[in-house]
Amino acid sequence: MGGSCAQRCGASRLQVLFPLLLPLFHRALCEPIRYSIPEELAKGSVVGNLAKDLELSVLDVSARKLRVSAEKLLFSVDAESGNLLVKDRIDREQICKERRRCELQLEAVVENPLNIFHIIVNVEDINDHAPQFHKDEINLEISESVSPGTGTILDSAKDPDISMNSLSKYQLSPNEYFSLVVKDNPDGGKYPELILKKNLDRETQSAHHLVLTALDGGDPPRNGTARIRILVVDANDNPPVFGQDVYRVSIPEDVPLGTSVLRVSATDQDEGFNAEVTYSFFGVADKAQHVFSLDSATGNIITHQPLDFEEVERYIMDIEAKDRGFLSTRCKVIIDVLDENDNSPEIILTSLSNEILENSPPGTVVALFKTRDRDNGGNGEVICNIGRAVPFKIYSSSNNYYKLVTDGALDREQTPEYNVTITATDRGKPPLSSSTTITLHITDVNDNAPLFQQSTYLIHVPENNPPGTSIAQVSASDPDLGPNGLISYSIVASDLEPQALSSYVSVNAQSGVVFAQRAFDHEHLRAFQLTLQARDQGSPALSTNVSLRVLVTDRNDNAPRVLYPALGPDGSALFDTVPRAAQPGYLVTKVVAVDADSGHNAWLSYHVLQASEPGLFSLGLRTGEVRTARALGDRDATRHRLLVAVRDGGQPPLSATATLLLVFADSLQEALPDLSERPTPSDPQAELQFYLVVALALISVLFLLAVILAIALHLRRSSSAATGGCFGSVLCSKSGLEIPPNYSEGTLPYAYNLCVPGDQTNSAFNFLTSADHCPARQDSLNKDSSSALLGSILTASVDADKKALKQSARGFADT
């Protein structure tokens, strides 16, 4: 029932890169696999074992999706056995019409790897049609004057079967007047001709009834019949005669309607009424009668409908010429239709890959298609091409099959899909073309790392921020899809201690928001740097790092701290001496303060809040230097008190105060009596008591004058001796003020030394002087503050004076 190809071509099964796939298409270039089946085969009948002929195992049939492809799917493949089965009714006469060779072309398609094989199924004819006459009854008129041996051509029967099953012979029912002769047509067919055996006599018998039988060569043979009714008429002894027995003409298929194709002509030797000839189609198929029309008077054949070479290549018609005496003759007309390029090529998509990975190498097969052009010759030769702006190209396979393969790198992020337009053009003149567009979807792979919106991040966070607040947000984007574009954030490095990092900051893995885990202190941590990582969820995952620098900005949360003047050990303010002859602008002392804040918050300014003698001293707004504004007058007090406020530049500003005790004296001995009387806050009740005491003193001044003078002289001598002993060992300190380590970045711009002269003959007391002007023979003080040392010395001196005063008072009382 079925047979395979006489020659088999071995197929390589290498499934590697595209250059190695070419052997898999080797079979497609060889002879096709051939099967032969009879027509009208029952559905489900086995044509042949296609899997075996393709050298495929039963498992490969389903694994590689073996299937057949054709314009009209008349066959299918059994997935279990690999047999090629009949799927629909196969009628050779309907499929192949009048062609003697009826071959159906199929394509077997397998995948993994993709390949095609050509199959030709030869449909053999069976005797399923009986011969059939165009008319069931044939009416003839024969003159009684016709001589024996005259023939009359009869209508031929038609049998669509071919070869042995086609029309084989004719038979005529037995009679004494007529016999039957079967003749061959130029096209290979047979037609019957009725021969008169003896003269007719209309008066004896005016009509004859015969039966014509047509038989084919099948086994058993089939037949068809037609009744012949012959009317005997009076004599017309000369039938019409055509100029030629066969007329042949060729016309292009695109001639317009109404075009004259051919004119046949017959002559009759008779005269008069018997010589008038009319023309008509004889035994012509309905299709031809609709396409052409025949002028019965002139014999002119005209196109009545459009011609189509692809449908009918040749028309064969019999034309009968009959005179008025009913004598007739026939000729054959053959019209060949010439092909014109009137059919555009067709593109038939056989296989298409649904998804194409964007990292597919060049040469990957993404689609298979074939072309078809119903025209003939050069008009049916087709070439294919695609646009130049796509990374694909076309390879020709075989039998008008083409492969669409990749021809460059694919990038889904730039072009997620391609609309590829395939254009097929024939070689006709002018050429015709058609096109089809296929959409190719590119599948994503993880080939893009996350990308931050900024190359680096710099943020400012005010100190004393609430813990848990958001201080920044980083954002990265990934053009990939699905998990390949899903980003998570983390901290991968920092200049902080690894153990302390988690207590300072954290990052939300989904949003990229950075949170402060604690309150920052600008004075302890001014800046730190983090390295954040954005990581996608692809396999393998891709990541990108970015630097995030956090600057902790200062807030005015530290008040100024006064370094000088410092308080004594007992909490009292120390004093500074000013020469009585100090000129205006004389540097008396300097208020030194620092602020742990920075920037504008650490800009200090100095202001006088209270002064015992306004206008006598001036205070530098930025330097804190106290200078004399004018010379000391005779009426000015020798002791003065300044209350200085130190303010920073913050908003709101913070401040601190310092009290300065200034004494005008030319020597330390001269300043000591004033020091014994510490200034006390002003009290109205105390002032009243003071005036009462003064009044009593004035009353008794005369009595006490001598006593006071004596006591004063005694106190001066004892005081001089005590002072020389106290300050005899005090040396000059060259070291500056000791500043705490944590104020190394404060606002104290100068260093001052406390210098006490060892020579008692020089009564000048320089409290603040440059270290370079101290006498070389002076030793440096220890780490105690010079102001504290001076305060302790002065306090001891005053106590000694008080003790001496009490002793003198007791002596005066004894006296």
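This report describes three residues of a predicted model: aspartate 91, aspartate 536 and leucine 548.

## Basis

The model is predicted, and local features need pLDDT of at least 70, side-chain atom pairs count only at pLDDT 80 or more, and totals for chains, interfaces and linings use all residues. Residues are numbered from 1 along each chain as its sequence is written, and side-chain values use heavy atoms, with hydrogens and water left out.

## Aspartate 91

Aspartate 91 sits in the loop between β5 (83–86) and α3 (92–96); helices (H or I, at least four residues) and strands (E, at least two) are DSSP runs, numbered from the N terminus. Aspartate 91 counts as buried because its relative accessibility is 9%, where buried means under 20% relative accessible area, exposed over 50% and partly exposed in between (1.4 Å probe, protein chains only).

Not counting residues up to four places away in sequence, aspartate 91 touches Glu39, Glu40, Asp128 and His129. Contact means heavy atoms within 4.5 Å.

## Aspartate 536

Aspartate 536 belongs to strand β41 (residues 527–536). The side chain of aspartate 536 reaches the backbone nitrogen of glycine 538 at 3.3 Å, and one of its polar atoms lies 2.8 Å from the backbone nitrogen of leucine 542.

Beyond four places in sequence, the residues touched by aspartate 536 include Asn446, Asp478 and Leu542.

## Leucine 548

Leucine 548 is part of strand β42 (residues 543–553) and counts as buried because its relative accessibility is 0%. Its contacts, leaving aside neighbours within four places in sequence, are Tyr457, Ile459, Val514, Phe528, Gln529, Leu530 and Leu532.

The C-alpha atoms of leucine 548 and glutamine 473 are separated by 10.0 Å, with the two residues 75 residues apart along the chain.

Definitions and conventions. A polar contact is a pair of N or O atoms within 3.5 Å; within protein, one must be able to donate a hydrogen and the other to accept it, and residues adjacent in sequence count only if both atoms are side-chain atoms.
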